[in-house]
Amino acid sequence: MLESTIPICHSFVFQKLLKNWAAYGINKDFGFSYESMTHEWSNNPAGRIRLLTQCRQLYTFSHACQIQPSDELHERLEPLFRFIITRYFVNERWIFSLNDDLSTKDTQSDAYAIAFVLLSFSHYYKVTQDDRALSYMKKTHRFLHEKMQSEAGGFYETYPVDDTQIRRQNPHMHLLEGYIAAYEVTQDDEYKKTIHSLLSLALEHFYDKKTNTLREFFTVDWKLDPQIGNQVEPGHHFEWVWLLYEANKIIPNTDHTDLAQQLWLTATRYGLAKNGGIYNQIDAETYLPIDTEKRIWPITEYLKAITVMPIGKEEKVDRLEKAIDFIQQHYLLPDGRWNEYLDEDNTPKTFPLPGTSSYHIFLGLTEVLRWSEHNNSHTI
């Protein structure tokens, strides 16, 4: 069954999703990605055009070109990269968003978005060998450490710094992803040191040993937020599983793989709904669902986690088959479109196509393709 679904996954990603976003989701005059699209593949103005969205599209197109070279995608890369560096890099730092008319909207620097600068520029460099990408990555790294680093560890959410903000693990998770990519392409020891510090932060503060959960929300000094510190996301557990194994290739440490296995156990035990799919949120103390809706990204992160977990091949294939079957039945639509949200009973909600979600869909499915190819399950 997995062998028959692999070509379907490949076709959806490369012949439908990316092809249509490149054709309809990229502004022809300026080269940027639209923030949101309707299900008829037309622009759905959202009142803002975020740096995050541009970087996720640049990453997705760049990584896709490494897997399957495409003139159609490749020609989108340099204009998109140029738009990012000319519109969002202001006064030696990254701003958050533009208005729909491309005027400046939000001038804050956002750690979450900055993480995707590192990720996308790393992959853009792999494809183009454009040295500007490496230069901006170094500037980004220095800005983070000089302006956004917290004495309590990790980085603040935004700059200018607001130390009353709730602190989250999520930007740090994506910074780990960005720094892994940056190190792979440069072998820069400064990036490796940051990887180490982010892994230490996960072990010391994000992971709660008592409940075996990855916590999301904290005070400035990494105590659990008193209002929402109980909320955890199975999708982030799976995302960390994959990242911890990726990081382990750079800094081997059984503490990190042990953590990955604990997160896997918790998320598979309590995050998977009996009728399929992954709950958005569960309670860290009771393990009961808090948000029973099912966005598409948690199950694509589950796919990634399955591919790296040291479980038997039979179980791995069984989990992949069931998850991909659920995705194909409930999320993926003709012509590269998708359902962003399902209700608890798996009924799709009416929702446009976010420009940030193709990153999750692309990487989840292509990690399955990569695993399948390496394990001779199917040859594309």
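**Exercise 1.** In which helix is His236 found? State whether His236 is buried or exposed, and list what His236 touches.

*Solution.* This is a predicted model, in which local features need pLDDT of at least 70 and side-chain atom pairs count only at pLDDT 80 or more, while totals for chains, interfaces and linings use all residues. Residues are numbered from 1 along each chain as its sequence is written, and side-chain values use heavy atoms, with hydrogens and water left out.

Step 1. His236 is found in helix α8. Helices (H or I, at least four residues) and strands (E, at least two) are DSSP runs, numbered from the N terminus.

Step 2. The relative accessibility of His236 is 4%, so His236 counts as buried. Buried means under 20% relative accessible area, exposed over 50%, and partly exposed in between (1.4 Å probe, protein chains only).

Step 3. Not counting residues up to four places away in sequence, His236 touches Gln169, Asn170, Met173, Leu214, Glu216 and Trp297. Contact means heavy atoms within 4.5 Å. For Leu214, 22 residues apart from His236 along the chain, the C-alpha separation is 7.8 Å.

**Exercise 2.** Classify Asn20 and Thr286 by accessibility, and place each residue in the chain.

*Solution.* Step 1. Asn20 lies in helix α1 (residues 2-24). Its relative accessibility is 15%, so Asn20 counts as buried.

Step 2. Leaving aside neighbours within four places in sequence, Asn20 is in contact with Gly25, Trp41, Asp335 and Gly336.

Step 3. Thr286 belongs to the loop between β14 (281-283) and β15 (289-291). At 45% relative accessibility, Thr286 counts as partly exposed. Between Thr286 and Asn170 there are 22 Å, C-alpha to C-alpha, and they are 116 residues apart in sequence.

**Exercise 3.** Describe the lining of the second largest pocket.

*Solution.* Step 1. The volume of the second largest pocket is about 510 Å³. Of the 24 residues that line the second largest pocket, the closest to its centre are His63, Ile67, Leu363, Glu367 and Arg370. On a 1 Å grid over the protein atoms alone, a pocket is an open set of points where a 1.4 Å probe fits, with protein on both sides within 12 Å along at least five of seven lines; lining residues have an atom within 4 Å of a point.

Step 2. At least two lining residues each come from α2, α4 (111-128), α6, α8 and α12. The most come from α12, with 7 residues.

Step 3. By class, this lining has 10 nonpolar, 7 polar and 7 charged residues. Ala, Val, Leu, Ile, Met, Phe, Trp, Tyr, Cys and Pro count as nonpolar, Asp, Glu, Lys and Arg as charged, and the others, Gly among them, as polar.

**Exercise 4.** Give the strand order of the open sheet and the bridge partner of Arg50 in β5.

*Solution.* Step 1. The order of the 3 strands is β2-β5-β6, with antiparallel pairing. The edge strands β2 (49-50) and β6 (104-106) each pair on one side only.

Step 2. Two strands pair if DSSP finds at least two bridges between them. For β2 and β5 (residues 97-98), the antiparallel pairing runs over 2 bridges. The partner of Arg50 in β5 is Ser97.

**Exercise 5.** Which residues of α11 are buried, and what covers them?

*Solution.* Step 1. The buried residues of α11 (residues 313-330) are Lys316, Val317, Leu320, Glu321, Ala323, Ile324, Phe326 and Ile327.

Step 2. Their cover includes α1, α10, β17 (341-342) and α12.

Terms used:
Grid points are joined across faces, edges and corners, and a volume is the space filled by probe spheres set on the points. The expected span of a helix is 1.5 Å times one less than its number of residues.
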